[in-house]
Every structure is written in structure tokens, then in C-alpha cells.
Amino acid sequence: MTAPNLEVELCGIKFRNPILTASGTFGYGEEFNNYIDLSCLGGIVTKSITREPRPGHPPPRTYETTGGMINAIGLANVGVDRFVSEKIPFLKTLDTRIIVNVAGFSIEEYRYCVERLNDAEAIDMLEINISCPNVGAGGLEFSSTEKGAFAITSELKKISRYPLMIKLSPNVTDISAIARAAEEGGADCLSLINTLVGMGVNHWTFKPILTNITGGLSGPAIKPVALAKVWQVHNAVKIPLVGIGGALDHFDVAEFMIVGASLVQFGTANFINPDCTVKASEGLVDYLDKSGIDDISQLIGKLGGNNEVQGKNFPACEGT
Ligand SMILES: Cc1cc2nc3c(=O)[nH]c(=O)nc-3n(C[C@H](O)[C@H](O)[C@H](O)COP(=O)(O)O)c2cc1C
């Protein structure tokens, strides 16, 4: 029996498998090089890069909570110039797709970063973070209004030599409207979701746990929200989607794909188990074999009705 095909094409780019690492949870790739074989990944999404280097918020800036974590890192990063001179040389040596995540506080800042990255090598795609909830004014403004999402996407589309993946926030009233605005602005694909606004409180001291008071909730606790948002947006736009939020294993990848994602990013899971992505890609082979599916792309957007059996071998897998 031949092994099922895990390759997925997105925006004309072939990914070895649908598993990516999520921005901010995998550094610049090098940090995980001693733990896993990076060529087993579909791709790496790097930490958000801004025009200037940023130290981020003072600690404590992460907090473990039931089913996940809350972070308010504050976009700590080396800045785009050091990213190009210090991080690209390592990324260039890797046999996997590289997606560079860009953040900013004004259209000019995003534009500066995109222009600087246009001259760099080894990059396959840009993920535009318009959804960071932890930095006061700035990124989130672009994802909370249709006008903002359209403006940033259409401006960057004019200058980027790479396909653009626009990363959406769940902290809005109607994510479908924002998704459509980004699509109209020329987004090549969308990724969702970024973290949900949350907070932790110390009940003895009456003080907030994070210096920033609020932060972004991620991890398994948000997976049901993320699945629902991906499904909603899948029904609202024509461009491909990348699912993010609480993925821990191959079953989670399958679920995100079934509701409409072409690729899936793993974030918080990397902190729990650094080789979760490699294990998930191995698990996908077994899952597809058991389901009688020979090409993983067949899962994309295949959500059925309540009582409909989709996987050919579904009854045999029950309970596995
Ligand atoms: C510690 C931490 C730092 C993050 N930093 C970024 C970032 O710099 N840029 C970004 O777009 N998303 C960032 N995120 C959000 C993740 O990329 C992802 O959207 C979110 O965590 C949900 O996925 P998960 O539940 O698999 O972690 C960060 C998340 C965590 C936990």
C-alpha cells in the first residue's frame, strides 16, 4: 500500500505536509533545531518582526491557565534589520517553507518591513499580524475594522514580492466581515485565530498576574473557538485558510482541515512538547490510512451533516 500524500499546495507553494509552527512560539527556528528535524515541518512561521527591535513587556508576561496559557510578550523581537542579517542565514539552510510574520503600529512601519524583506532570501510567504492584542494601540486596530483590514492589505499587496497571509483576530464582532475586507484588499490567504483577550488575577494579593494586566489566551482551551471561526470564514471567502488555535496532535489537524483550513499552525503545543509537530505529521499518515483517504487535501472543507459518515473506514476507527 502506498503512503498517503500529505503535500498541500497553498498560493502556488507546495508544503511537504499541512503542519506549520505558529508565530511567537517557535522563535526564529534555530531555537528548536536541537530538538526536532526541522525538515519534517510543512513550514516555520517566525516571531513577529517590527521595524525597530523591541524588548517587549517586563515579566511576568506568561501565565499558565486551565487548558492553555495567557501571554503578553509585547512583540519582543530583534527588529527587521537584525532579522535579515542574523536570522535569515540560518533559515536559508533549512529544507522547509519559511513564512515571516510582520507586525507594526502604522501602515508605514509594515511597509518598511515588507520592503526590507523583499530584498532578503529564503522567504516563501509573509504573514501579516494585524491582530496582536497585547500592544495597546497598533496592530489590533487593523483587524478590528473592515476599513483597516482593507487598507493594510491593499497597501502591502502593492509592494510585496511574496504572497500575503493576513492573520485575523477573534476579538471582533464579525470576523467574516474582516476576512472579506482582507480578501477584497488582495490577501492571498488568511490565518486565524490569534489569541483571545484574557487575564489572570492573584486572589491573595488582588493583583493582576501579568504586568500588562491582560494578555492573549492560547492553547487547547481555544480550539473550539478557533474551529468555529475557521468554519465561519471558510463560508465567507474564497481564498485559502490556515487554521490556528489549540492544535496538539494529528486529529486536531484533521479537524481544522475538515472545517476549511488548508494548513494548520501549532503554537502553545510547542511549549508542552517540542516534537509535537513531528509526531502530528507521523500521526496523520496513520489517520489517513485508517480513514481510507489517500490525499490529505481531500479533507479540506469536507464538513458533513451531523449523521453523515465521511471517512470511508470511519466505523473501524471509532475508539482508536
Ligand atoms: C508566547 C506567545 C507568543 C506569541 N507571539 C505572537 C507573535 O509575535 N505574533 C503573532 O502573530 N502571534 C503570536 N502568538 C499567537 C500564536 O501565533 C497563535 O496565533 C495563538 O497562540 C493560538 O495558537 P495556539 O493555541 O496553537 O497557541 C503568540 C502566542 C504565544 C503563546
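**Contacts, ligand and surface**

Modeller: To begin with one residue in this predicted model, Lys-47 touches Ser-23, Gly-24, Gly-27, Tyr-28, Ile-73, Leu-75, Ala-76, Asn-77 and Asn-101, leaving out residues up to four places away in sequence.

Colleague: Where is Lys-47 found?
Modeller: Lys-47 is found in the loop that runs between β4 (43-45) and β5 (62-65).

Colleague: And is Lys-47 buried or exposed?
Modeller: Lys-47 has a relative accessible area of 14% and is therefore buried, since buried means under 20%.

Colleague: How far apart are Lys-47 and Arg-116 in space?
Modeller: Their C-alpha atoms are 16 Å apart in space, while in sequence Lys-47 and Arg-116 are 69 residues apart.

Colleague: Let's turn to the ligand. Which residues are the closest?
Modeller: The closest are Ser-23, Lys-47, Gly-219, Gly-246 and Thr-268, out of 23 residues that surround the ligand.

Colleague: What lies 2.7 Å from an oxygen atom of the ligand?
Modeller: In the case of Ser-23, a backbone N or O atom lies 2.7 Å from an oxygen atom of the ligand, and in the case of Thr-268 a polar side-chain atom lies 2.7 Å from an oxygen atom of the ligand. As for the ligand's area, the ligand taken alone exposes 610 Å², and the protein buries 97% of that.

Colleague: What about Ser-48?
Modeller: Ser-48 has a polar side-chain atom that lies 2.8 Å from a nitrogen atom of the ligand.

Colleague: Changing topic, where does Leu-196 lie, and is Leu-196 buried or exposed?
Modeller: Leu-196 lies in strand β11, which covers residues 196-199, and at 17% relative accessibility Leu-196 counts as buried, because the limit for buried is under 20%.

Colleague: Which residues is Leu-196 in contact with?
Modeller: Leaving aside neighbours within four places in sequence, Leu-196 is in contact with Pro-170, Asn-171, Gly-215, Gly-216, Leu-217, Ile-222 and Val-225. For Ile-222, which is 26 residues from Leu-196 along the chain, the C-alpha separation is 7.8 Å.

Technical notes: Residues are numbered from 1 along each chain as its sequence is written. This is a predicted model: local features need pLDDT of at least 70, side-chain atom pairs count only at pLDDT 80 or more; totals for chains, interfaces and linings use all residues. Side-chain values use heavy atoms; hydrogens and water are left out. Helices (H or I, at least four residues) and strands (E, at least two) are DSSP runs, numbered from the N terminus. Buried means under 20% relative accessible area, exposed over 50%, partly exposed in between (1.4 Å probe, protein chains only). Contact means heavy atoms within 4.5 Å. A residue is near a molecule or strand if one of its heavy atoms lies within 4 Å of it. A polar contact is a pair of N or O atoms within 3.5 Å; within protein, one must be able to donate a hydrogen and the other to accept it, and residues adjacent in sequence count only if both atoms are side-chain atoms. Accessible areas come from the Shrake-Rupley method with a 1.4 Å probe; for residues, only the protein chains shown count as cover.
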